[in-house]
Amino acid sequence: MPEHRYQTQFSLEQAASAAPTLAALRERIRESQRCLEQIQHLIPAALRRQVQAGPIHETEWCLLVSSAAASTKLRQLLPALQQTLTHQGARVSNIRIKVQTPQR
């Protein structure tokens with residue numbers, strides 16, 4: 001008689017919810033995305049495609065940018081970005097900007 005194996009498939013969401021570490025990581029990713037959504041309107045349209053939400057560690061949020069020029073422009077906006085996040089209730093007290101190096 002053949003052995004029947006039942007495979008249970010889980011979505012990534014279900015798997016992440018089942019594991020506390022993954023659930024915490026998923027929540028940090030969502031929080032980072034929410035922060036980016038809250039400040040998106042302050043970033044010039046031409047610059048928006050060059051900015052990505054990066055990791056949040058405790059109260060420090062990292063924005064990832066594609067070039068040094070984008071980093072320089074974004075640094076000029078930091079006070080406004082921080083003020084908006086504070087007014088929106090985000091738990092971010094420091095914003096760090098990191099230039100992404102191209103993958104080879």
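Is C35 buried or exposed? I looked that up before anything else. C35 counts as buried because its relative accessibility is 2% (buried is under 20% relative accessible area, exposed over 50%, partly exposed in between, with a 1.4 Å probe and protein chains only). C62 is buried too, at 1%.

A note on the source: this is a predicted model, where local features need pLDDT of at least 70, side-chain atom pairs count only at pLDDT 80 or more, and totals for chains, interfaces and linings use all residues. Residues are numbered from 1 along each chain as its sequence is written, and side-chain values use heavy atoms, with hydrogens and water left out.

Next I searched the whole structure for disulfides (cysteine sulfur pairs within 2.5 Å) and got 0.

Then helix 4. I noted its residues as 68-87 (helices are DSSP runs of H or I, at least four residues, and strands are E runs of at least two, numbered from the N terminus). Its 20 residues should span 28 Å at 1.5 Å a residue, and the end C-alpha atoms are 28 Å apart, so the two agree (the expected span is 1.5 Å times one less than the number of residues). I still found a kink of about 55 degrees at L77, shortly before P79; the bend is the angle between axes fitted to the seven residues ending there and the seven starting there. L77 is also on the buried list for helix 4, which includes L74 and L81.

Last, I checked Q88, in the loop between helix 4 and strand 3 (94-99). Q88 is partly exposed at 49%. Its C-alpha sits 9.7 Å from that of I39, though 49 residues separate them in sequence.
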